[in-house]
Amino acid sequence: MRTGYRWAARINRLILCVLTSLLFSCAQIGTQAALVWESPLYTEHELVGKLWQSSTGEFVDPPAFWQQLDGVRYLILGEKHDNPDHHILQLQLLNDLISQRKLSRLTLEMLDSSSNEALRNLDGLFIEDIAELRDYLGWDSEGWDWEFYGPLVTTAFQSSLPLFAGNIDQATISTVYSRPTPPQIASVFDASVIKRLESDIRESHCDLLPESQIPSMVRIQQVRDHSMAEQLIVKDEDDMGLLIAGNYHARHDLGVPNYLLVLDQGLQRSEIISLSFMEVRPGEYEPENYLDQFGEQSAYNFIWFTPAVTTMDYCDSLR
């Protein structure tokens, strides 16, 4: 695995936290000055390292967050894919959850259904090193930096935590693109939400997509979220499923939680916790403004603020 000295040091600190059973007290490495952030921008921003709860409008410490996981069936961790600090904090949470035997499965957006056979045969497989695990899974290193996700996948594998592919493969994408939305997916959102999805698809593609492609792209987004929800479902009421995905998929108002509520009969929204790891913005100090509020439902239950990776405007590079 391609790891530098600083990354290896972080991993060792996280392992030490688990071995000494300091339940979430080690989370302080994510909130105190002891953490040397990997992301270089806005490290002095007053929100950096803080964990904010949207329902109360208050900052909470990690132990208070941990207490709110009691009785939760699904935990969704949203991320910005290229931010290393998000993955460091994810690994910390994953280790804590595994050490407390709270998890029954880990579902990743970064794995698609083409990996299903490999994942089914993963249990009991002898793999000597992390690179071999990457190759066995057919990991898409161009799309998903293995340096970020390798520690998460390896931790699950070494802990015998079942891994599931949340995403759909390219063949399925092609099929979805040209066919009507399946009824069980089309019924999840009303017209106002679809309109918001269309707007966000336009913006995320820098307003460069032909208008004729927007409905198909929205359909692909919906099918992806439905797939992640399907692969996250736990059978026992005492089990917990963990999903790691992009922040947009983690949204309560627009993303995966809505499909979970349809697929898992009797599930209450309060049994789904969405935690967004989010980069701070210069001059923006009000946590509420990071929610991108749409309707009455908050996008996330919690936001964990981190420094930013870059100021580059992706759309500028395409125009």
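This is a predicted model: local features need pLDDT of at least 70, side-chain atom pairs count only at pLDDT 80 or more; totals for chains, interfaces and linings use all residues.
Over the ring of which residue does the charged end of Lys50 sit? That ring belongs to Phe59, and the charged end of Lys50 is 4.9 Å from its centre, where a charge counts as sitting over a ring if NZ of Lys or CZ of Arg is within 6 Å of the ring centre and within 35 degrees of the ring normal.

Residues are numbered from 1 along each chain as its sequence is written, and side-chain values use heavy atoms, with hydrogens and water left out.

Because Tyr290 lies in the loop between β7 (272-279) and β8 (302-306) while Phe305 is in strand β8, the pair ties together parts that are 15 residues apart in sequence. Here helices (H or I, at least four residues) and strands (E, at least two) are DSSP runs, numbered from the N terminus. Tyr290 is buried at 3% relative accessibility, and Phe305 is buried at 0%, with buried meaning under 20% relative accessible area, exposed over 50%, and partly exposed in between (1.4 Å probe, protein chains only).

Elsewhere, Trp139, Trp144, Trp146 and Tyr149 form one aromatic cluster.

Let me turn to the cysteines, where one disulfide is counted, a disulfide being a pair of cysteine sulfur atoms within 2.5 Å. The sulfur atoms of Cys206 and Cys315 are 2.1 Å apart, and their link is left-handed, with -80° about the S-S bond. This pair links distant parts of the chain, 109 residues apart, with Cys206 in the loop between α9 and α10 and Cys315 in helix α12 (residues 314-318). Cys206 is buried at 2% relative accessible area, and Cys315 is buried at 15%.

Finally, the backbone. Most residues other than glycine have a negative phi. Asp207, however, has a positive phi of about 60° although it is not a glycine, and Asp207 is exposed at 58% relative accessibility.

Conventions. Rings of Phe, Tyr and Trp (its six-membered ring) pair if their centres lie within 6.5 Å; planes under 30 degrees apart count as stacked, over 60 as edge-to-face and the rest as tilted.
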